[in-house]
Amino acid sequence: MVLFHVLKAGFFTTVQDLGRYGYLKYGVPISGAMDTFSMIVANLLVANNPNDACLEITLIGPELRALADTQIAVTGGEISVKINGREMPMWQTLTVHKGETVSLGKVEKGCRSYLSVRGGINTPIVLGSRSTYTRGKFGGIEGRPLKAGDIIHGFDVSSLETCLKMPENMIPQFSNEFTVHVVLGPQSYMFTDKGIETFLSSEYKVTLESDRMGYRLDGPVVEYKDKAEMVSDALLPGAVQVPRDGRPIVIMRDAQTTGGYPKIAVVVSSDLDLLGQAKPNSTIRFSRITLEEAHERFLEYRKKLSSLAQKLIAVS
Amino acid sequence: MKLESKDIEEAALDQIYPSARYLPFGDAALVVEFGNVIDLAINRKVVALNETVLRANIQGIEETVPTYRSLLIRYDPAKITYNHLVAKIREIEKSLMDRPLEEKGRKFIIPVVYGGVYGPDLKDVAEYHGLTEDQVIEVHYGRFYRVYMIGFVAGFPYLGEVSEEIATPRLETPRLKVPAGSVGIADKQTGIYPCEAPGGWRIIGRTPLKLFDPNWQPPALLRPGDIVKFTPISEEEFKEFFEANAH
C-alpha cells in the first residue's frame, strides 16, 4: 500500500529496522538503527512491533506527502515536525491524513531521528532484515538512501485508537558531549599503560570523517607498546580501533566485518544508542567499567526496553 | 584435487598459542584466539572450533565469526554468563586438541581475465619482482589457494598463500573504488572484491563470477576451508560470462 511520496529526501535518510543478525561470517554487517532505543519507542508509539522498519533521519529531515491516512511518530534527536505547516510534538502518536505534507527540519540536538509509520515500512526483507546496507546495495529502498520521487510503501493495517506519548522524564536528552562506557580489550595488551590512561582520560572530537560505518576521532594520541598492526579479525559495532597514527576509530553498524587495527576497548551494548547520537564536532569520553558492571547495565537496559510499552501514556 | 604438501606452509610453532586465549570483546562477545599470524594450522583450528561450536547448539550463542586466527562468538548475556560460555568452549577446544583436523572444503575454479584494463596493477607487480606480466599471471593461477576467511565486505574471500615470487605489498594509497570482481594481491594473500569497494590490494585481473548474492542461502559463494584455483580466460569470454551473470 502506498504511504508517502518523498518530496525532499533529507541529508541521509535510510530505511532501518533493528538490524541484520547472523551474517557477519559472510561479511555482512549488522546495520540497523544507530539509536535502537529511539527507534523502538517510535514503533511502540504507533503500536508496531519493535522491529518494524522506520526511517532513520540524519542531520536534516525529509519532506513527505501522505498518499494515505496513517499514523506516525518521530523520536531520537530533537527535530521540528510539521504536518501541513503546523508544529507537532515529538515522542507522540501523530495522525496524518491523505494529502497532508509531513516536514522534518534539522536535527538540533543529537544526530539522528526516527520516523515510524503504523504497520511499519514495507520494503523487501533481505537476509532477514529491512535494514539498508549501502555498501552492498541491498536492503531498505534498493540498498540506498531516500531520494526525491521515491514512494514509501506500508501495510494495510487498522489505525491505532488511542494515541500514545512518551513520559517527559523518559525522553533522552542529547548534548554535544558524550561519555560512553567501555570494557577494555581485546587487544589492550598492545598499548602502554600511558596509552590506556590517555584513552580513558581524554576528550576526543568526532571528525567529519564519521558516518554509519565508523567515527574517526581526533584527540591525544594513544600510545602503542610496539607493533600497531595485527592479523585481521572480527569487528562489532562499538569496537574502538587504534590505527598507527594513534587516533581512535569507533566502529559503527555498517562497518566492515573484519579489520587489522588493534582494538583497545569496546563500547558496551547499553551505550551504543547514545553513541549513535554523536555527530561531527561532538566530543566523546571513554569510561572504563568491568565486564560484570557491563553485564549489569546490559540486563537493566534489556529490562528497560521490555517494559517500555507499558510506560507509554494515553493521550486523549 | 589434493593440496600438495609444498602448498601448505609449516606451522610457525612459536606463534601458535599452546592453548587458545579467551578474551572478552565488549559485553556481548568472546574472542577465542589461536595465534597471531596467518597460518594454515591456526586457521584450521578456528574452522574446526567454529563448526563444532555451531553443532553443539549452545543456548545463548547468537552467532560466530571465524577469522584468520580467532573465532568471535557473539552471545546474549541474559542467556549465558561469560564464564559459563568460556567453560563450554574450552571443553570443546580440548576435545578437538588431539583430533586430526580434516577439512571438508569444496573446490572451485574461478575464471579470471588478467591484465589490461582489468588488472591495472599487473605491470607494477611484474616490475616489483623483475618478472614479465605473463610470468606473474602463470604464478598466480599456478597453485591452489585456501579460503582463510570471509570479511571486509559481503562475500570477500581472503585466500592464501600467494607465492613469494609475486607477493606484493598493498598500495600506499588505496583506491576509492575497486570494480566488482577485481582479483588482487596483498602480500601473501589474494582476494576477490564481490562488489565495488574502496581498496588497497594490487589488482591483477577480474572475474565475471558472482561471489555474493543476498538472495542465495547462504549468501556468500565461498567459506573458510574451501579450495580455489584460478583459470585465465580471454576478454571475450569474460564479457560473455559477465552478461550471463549480471553483476
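1. In this note, helices (H or I, at least four residues) and strands (E, at least two) are DSSP runs, numbered from the N terminus. On that basis, chain A of this predicted model contains five helices and 20 strands.

2. The overall form of chain A may be considered next. Its C-alpha trace spans about 65 × 40 × 30 Å along the principal axes. The radius of gyration of chain A is 20 Å, which agrees with the value near 20 Å for a compact globule of 316 residues.

3. Of the 316 residues in chain A, 52% are buried. Among contacts in chain A between residues at least 6 apart in sequence, 77% join residues at least 24 apart.

4. The contact between the chains takes 37 residues from chain A and 38 residues from chain B. On the side of chain B that touches chain A, the elements giving two or more residues include strand S1 (16-24) and strand S6 (145-150) of chain B. S3(B) gives the most to this side, with five residues. The residues of this side divide into 27 nonpolar, seven polar and four charged.

5. The largest nonpolar core has 155 residues, and those with the most contacts inside it include A:Val182, A:Val250 and B:Ile73. Strand S8 (residues 101-117) of chain A gives the most to this core, with seven residues. Domain 1 (14-97) and domain 2 (107-244) of chain B both give residues to the core, so it lies between them.

6. Leaving aside neighbours within four places in sequence, A:Val182 is in contact with residues including A:Val240, A:Val267 and A:Phe286.

Conventions. Residues numbered from 1 in each chain as written. Chains lettered and ligands numbered in written order. Predicted model: local features only at pLDDT ≥ 70, side-chain atom pairs only at ≥ 80, totals over all residues. Contact = placed C-beta atoms within 7 Å. Nonpolar A, V, L, I, M, F, W, Y, C, P; charged D, E, K, R; others polar. Rg over C-alpha atoms; globule rule 2.2 N^0.38 Å. Buried ≥ 20, exposed ≤ 12 C-beta atoms within 10 Å, placed from the backbone. Core = buried A, V, L, I, M, F, W, Y, C linked by C-beta atoms within 7 Å. Domains from an automatic or database assignment.
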